[in-house]
Amino acid sequence: MSTPGTLTPPLQETTQGWGPYAIALQQDEALSVALKDGLLRVEEVLLNYTRSDHAYISEITSHLAQAGGKRTRPLLVLLAAQFGDPARAGIVEAAVVVELTHLATLYHDDVMDEAALRRGVASANQRWDNSLAILSGDFLFARASTLLSELGPDAVRIQAETFERLVSGQISESVGPKNGQNPVEHHLEVLAGKTGSLIATSGRFGAIFAGCTSDQERILAEFGELFGVAFQLSDDLLDIASESEQSGKTPGTDLREGVHTLPMLIALAMDGSADPDTERLQELLRTDLAADDEAFAEALELLRAHPSMEQARDVVRGYAQKAKAVLDPLAEIPAKEALRALCDVVISRTT
């Protein structure tokens with residue numbers, strides 16, 4: 001495999017502590033060692049592929065990769081590969097492809113959302129400008145395509161189908177629900193496209209390159225999509241509920257920017273006349289909170305205490321439980337227990 005650029009920054013500490021996944025991934029010593037080794041290899045290739053021979057380009061395009069992150073998608077690739085032969089060629093490269101694709105979308109998302117912070121550091125559009133952030137995302141898509149081309153035509157086709165779903169989900173979010181469509185249902189469909197599709201492909205790639213059967217591939221892809229939606233919903237809940245920057249963004253970012261996530265959509269669908277707090281929250285959610293710090297603080301306080309938060313948690317639990325159930329036909333190996341435990345982590349981090 002070709003490796004453009006030269007790796008100069010130290011490897012990120014993505015394998016030390018495991019972040020929110022620690023309990024899930026340290027239950028089996030052999031699996032933990034294998035995952036740590038795999039993620040170190042992923043990190044090395046990833047950082048090389050975010051770099052260019054031009055130092056200025058490298059500074060921007062490696063910005064988010066060096067900021068760290070949970071590396072959820074590469075982790076799913078490595079775990080899925082455990083159901084076949086995890087030593088086969090192409091697994092690490094496939095894991096890098098999905099993470100490069102994810103990173104590229106973050107550059108574009110931050111421009112669309114006018115975000116100031118990503119993964120605890122200034123977003124690329126904030127540190128440089130929108131044009132450079134967009135072009136940096138394009139650069140990473142190109143690097144993902146270069147690496148992908150070495151994995152064969154089937155991998156290229158799967159990635160193309162995934163990218164179509166991802167972009168369609170983003171467009172659907174921007175356009176909004178159709179006339180008469182339930183906003184909550186629309187939102188969940190958007191998340192399945194924007195987030196679930198790439199995490200599904202992570203499970204699928206792991207299975208394919210490890211030589212798994214078609215049934216195993218289907219199960220791991222289905223798990224990835226359900227887990228991906230639960231994972232994104234939990235992040236959205238953390239954006240509201242966390243007192244720190246646990247989600248990698250300033251708490252309440254979605255609320256301040258007028259991005260209506262699940263608990264907000266549930267609150268807006270309620271009968272406001274039956275409860276003064278709901279009525280006031282709905283009023284605030286329909287205003288520009290970015291321009292009024294006092295109104296934003298009031299809305300955040302109301303939302304954190306609102307019943308819609310617990311209803312949203314129930315939806316997270318539902319997706320996570322479905323994801324666990326999908327795994328039932330697979331062999332009882334440590335990786336299966338780790339995938340189940342990841343679902344439990346997604347549930348517990350929102351409570």
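Predicted model: local features only at pLDDT ≥ 70, side-chain atom pairs only at ≥ 80, totals over all residues.
Overall make-up. I began with the secondary structure and found 17 helices and two strands in the protein. I then looked up burial, and buried residues make up 54% of the 351 residues. For the surface I noted an accessible area of about 15100 Å², of which 50% belongs to carbon and sulfur atoms. Among contacts with a separation of 6 or more, I found that 74% join residues 24 or more positions apart.

Core. I next turned to the largest nonpolar core, which has 91 residues, and the members that touch the most others are L79, F205, F223, F227, L255 and L339. Helix α6 (residues 91-113) gives this core its largest share, 12 residues.

Helix α9. I checked the length of α9 and found that its 23 residues reach 33 Å from the first C-alpha to the last, close to the 33 Å expected at 1.5 Å a residue. On the buried side of the account I listed A155, I158, Q159, T162, L166, G169 and Q170 of this helix. I also looked for nonpolar residues on the surface, and noted a patch formed by F163, V167, I171 and V175, with about 350 Å² of accessible area together; of these, I171 is found in α9, which covers residues 153-175. An α-helix has 3.6 residues a turn, so residues three or four places apart point the same way.

Methods. Residues numbered from 1 in each chain as written. Heavy atoms only, no water. Patch = residues over 30% accessible without salt bridge, like charges linked within 9 Å, V, L, I, M, F, W, Y side chains within 5 Å. Areas by Shrake-Rupley, 256 points an atom, 1.4 Å probe, with all protein chains shown as cover. Salt bridge = Lys/Arg side-chain N within 4 Å of Asp/Glu carboxyl O. Helix = DSSP H or I, 4+ residues; strand = E, 2+ residues; numbered from the N terminus. Core = buried A, V, L, I, M, F, W, Y, C linked by side-chain atoms within 4.5 Å. Buried < 20%, exposed > 50% of the residue type's maximum accessible area, 1.4 Å probe, protein only. Contact = heavy atoms within 4.5 Å. Expected span 1.5 Å × (residues − 1).
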